Amino acid sequence: MAKKKTKFDFDPVISALGGRDDVMSVSATTDLMKITTKIKLTDEQVAALRAIPVWDDVSLKGPT
């Protein structure tokens, strides 16, 4: 059985995070995307990430 390739538009994610300069790394599996940022996210950035329609939820880890 061939693997299904899924395309995802990362532009809304990058915009919500403040631009490419604020992103350190991105890794993904079939059901999880891990993004490491150089900055602590603001409430507005978290809200923008949660507003992306294809995502079920956003979970934050790191310093508060």
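Student: Where is the place of V54?

Tutor: V54 sits in the segment after α2. Helices here are DSSP runs of H or I with at least four residues, strands are runs of E with at least two, and both are numbered from the N terminus.

Student: Is V54 buried or exposed?

Tutor: V54 is exposed, with a relative accessible area of 58%. Exposed means over 50%, buried means under 20%, and partly exposed is in between, using a 1.4 Å probe and protein chains only.

Student: How far apart are V54 and F8 in space?

Tutor: They are 9.2 Å apart, C-alpha to C-alpha. In sequence, V54 and F8 are 46 residues apart.

Student: What kind of model is this?

Tutor: This is a predicted model: local features need pLDDT of at least 70, side-chain atom pairs count only at pLDDT 80 or more, and totals for chains, interfaces and linings use all residues. Residues are numbered from 1 along each chain as its sequence is written, and side-chain values use heavy atoms, with hydrogens and water left out.

Student: What pLDDT does the protein average?

Tutor: The average is 81, and 86% of the residues score at least 70. pLDDT is the predictor's confidence in each residue, from 0 to 100.

Student: Where is confidence lowest, and where highest?

Tutor: Confidence is lowest in β1, at a mean of 83. It is highest in α2, at 89.

Student: OK, the overall layout. Which pattern does the protein follow along the sequence?

Tutor: The pattern is α-β-β-α. That comes to two helices and two strands.

Student: How do β1 and β2 run?

Tutor: They run antiparallel, and five bridges join β1 (residues 23-28) to β2. Two strands pair if DSSP finds at least two bridges between them. β1 and β2 form a hairpin, with four residues between them.

Student: Which residue in β2 stands opposite V26?

Tutor: I35 does. S25 stands opposite T36, also in β2.

Student: What should I know about side chains in a strand?

Tutor: In a regular strand, the side chains alternate between the two faces of the sheet.

Student: Switching to α2. Which residues there are buried?

Tutor: Q45, V46 and L49 are buried in α2. They cover an arc of only 100 degrees around the axis, so they lie on the same side of α2. The arc is that of the directions from the helix axis to the C-beta atoms.

Student: And what is on the other side of α2?

Tutor: D43 and E44 are there, and they are exposed.

Student: What covers the buried residues of α2?

Tutor: The cover includes α1 (11-16). A16, for one, is in contact with Q45, A48 and L49, leaving aside neighbours within four places in sequence. Contact means heavy atoms within 4.5 Å.

Student: What does Q45 touch?

Tutor: Q45 touches A16, L17, G18, I39 and K40, not counting residues up to four places away in sequence. Q45 counts as buried because its relative accessible area is 12%.

Student: And V46, which residues is it in contact with?

Tutor: V46 is in contact with L41 and L60, leaving aside its neighbours within four places in sequence. At 8% relative accessibility, V46 is buried. The C-alpha atoms of V46 and V58 are separated by 7.6 Å, though the two are 12 residues apart along the chain.

Student: Which residues make up the largest nonpolar core?

Tutor: There are 11: V13, I14, A16, L17, V23, L41, V46, L49, I52, W55 and V58. α1 gives the most to this core, with three residues. A nonpolar core is a set of buried Ala, Val, Leu, Ile, Met, Phe, Trp, Tyr and Cys residues joined through side-chain atoms within 4.5 Å.

Student: Last one. Where is T42 found?

Tutor: T42 is in the loop between β2 (33-37) and α2 (43-50). At 36% relative accessibility, T42 is partly exposed. Its C-alpha atom is 9.0 Å from that of L17, which is 25 residues away along the chain.
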